[in-house]
Amino acid sequence: DNVIDSDSIEAGLLTLVLKGNSSYFASGIAGSNTLSYSMELDDVITIHIMQDGEAPTATQDDGSAMGTVMELLATPADDNSDTNGLDVDGYQLNGAFLFSVTRNAEPGKSRAVLEPTDALKAVCPFNPPRPAPGTTPLETCITRRDVRSRAYPTRTGADETTAMEIASFAEAGAASPSAMTEALVDSYLDGAGSDAREAEFMVSILGDNDYARQLAVDYAKAIDGRYNLNGRYRRAYWINPGYEWTPTQTAAKSRFQVSQKIFLFALISLDENWTRRRMLLQASSQDAMSEAGAGMGQAAMQFKVTPKSMMASAFGVHEDFVAAYDVELQLTRAEACMLPTQRQSAVRSTLEGYLATAASKHHTVQVTKMSVDLGDELCDSRRALRKLHATFSSATASIRMLIVFSEDETPKFNVEAFAKSAGINSATAAADSSLPPSLEDRTYIKIDEDEDEDEDSSSMPMTLIAGVCGGGGAGVVMVAGV
């Protein structure tokens, strides 16, 4: 895998390059009009996963969202042939994706469309559930459509597209991709300024400033210089690796960050002079995740970032002011039978009360990971639910607790006093997350009851994994970073 020691959008920006064989597209094939054929990016779907902890190697039976996605990807494709030959009406590519064909009587207008299966949408819906106000979501998996039928849709609640073509035929003034040339691409990029489409796209990611606009133009020219783009069979696309959490999902504060893990899948077709289209779906044995791709090529990249660094960024403090603890606590019968998001909110509220007298001034406490052992508790009947009460039950929860301390003073946390709080079984510093060097332990601090504490939620970006479909007379290149 490619390891990227950054969590910035610039470092994670994906460049998807379609590379056709010039002997096929430029030299021409006897008996065919390949000189006007073009490669097309019909569909792109990305899957965004957020979870706590370092990005582990998921397994297909570990119960995590990523593990479930891997299991779906490993499902064998449907047999798309029968006694009548190839089934061209569409079929399931694996457990996560299928393609359907939209028929059109006009020649060349029928389209194959990449779609997520119901099984994938059950784990990774298009619209994520709304977390409790001020609460960081637990492991979340979301599906996003970046390209659909060669167009660039916007997600509900968002204003900007998440993908674009560098030097598209429309921007360069050509009638169609088949009319594009290297000279047109070069001429367009040579004249590209701060108002170019590429600049506007980068502004939607990094904010409107001279740096973003100039970066877009310079990087587009660098991509063109390396791949000799011609807008027909050598084409490049930018795909935003970040996910826009709308205010309704993040307690009224919009956030746009690199997602912790990303899967990317693309449907690429060969446009035969606008009269026929063929999909290019040939897997490569050299790809990093070929076994899970079930007929799709793969590539992999990883960001070396942590939830601590993301929390520090979200609240504008140095990472030294974020502490992580593994806590085991008892649950009340009511908490044991709550939905996961409700339970997380209830536990977090309890922790806030305990930290008011056990920790120095802090911005927030978050529960970023939780596993529950119900013990003898039964939550499968209305009668049982009506009898729930507030006393502790046999159910326990193991959680990861993050404390974001204020930089106004030295962080202090009385772990011993905290561990003696009602229902707390144990509290230890997280083994995979070092404590702030400035943290003064075993110090009792009393915070005024009326002191305000800021609350916010944060997506937890870390690893990026990308898979694409390619083959035939063409190749697909994945580039991460500017």
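In α3, which residues are buried?

Modeller: They are Ala-65, Met-66, Gly-67, Val-69, Met-70, Leu-72 and Leu-73. Buried means under 20% relative accessible area with a 1.4 Å probe, protein chains only; over 50% is exposed, and in between is partly exposed. This is a predicted model, where local features need pLDDT of at least 70 and side-chain atom pairs pLDDT 80 or more, while totals for chains, interfaces and linings use all residues. Residues are numbered from 1 along each chain as its sequence is written, and side-chain values use heavy atoms, leaving out hydrogens and water.

Helix α3 covers residues 65-73. Seven of its nine residues are buried, so the helix is mostly covered. Now set that beside the whole protein. Buried residues make up 52% of its 482 residues. It has 14 helices and 24 strands (DSSP runs: H or I, at least four residues, for helices; E, at least two, for strands).

Glu-165 sits in strand β10, residues 163-165. Its relative accessibility is 6%, so Glu-165 counts as buried. The side chain of Glu-165 makes a polar contact of 2.9 Å with that of Arg-235. (Such a contact pairs N or O atoms within 3.5 Å, one able to donate a hydrogen and the other to accept it; sequence neighbours count only through two side-chain atoms.) Leaving out residues up to four places away in sequence, Glu-165 touches Tyr-152, Glu-198, Gly-231, Arg-235, Ala-236 and Tyr-237.

Next comes a loop residue. Leu-439 lies between β21 (424-429) and β22 (440-441). Its relative accessible area is 15%, so Leu-439 is buried. Leu-439 touches Tyr-325, Phe-405, Pro-411, Lys-412 and Phe-413, again not counting residues up to four places away in sequence. Leu-439 and Ala-323 are 116 residues apart in sequence. In space, they are 8.5 Å apart, C-alpha to C-alpha.

Last, a helix pair. Helix α6 spans residues 182-190, and helix α8 spans residues 210-227. They pack at about 160 degrees, with axes 10 Å apart. That makes α6 roughly antiparallel to α8 (over 145 degrees; under 35 is roughly parallel, 65 to 115 roughly perpendicular, the rest oblique). From α6, Val-185, Asp-186, Leu-189 and Asp-190 meet Ala-220, Lys-221 and Asp-224 in α8.

Notes. Contact = heavy atoms within 4.5 Å. Axes fitted to C-alpha atoms, helices over the stretch in contact; angles between N-to-C directions.
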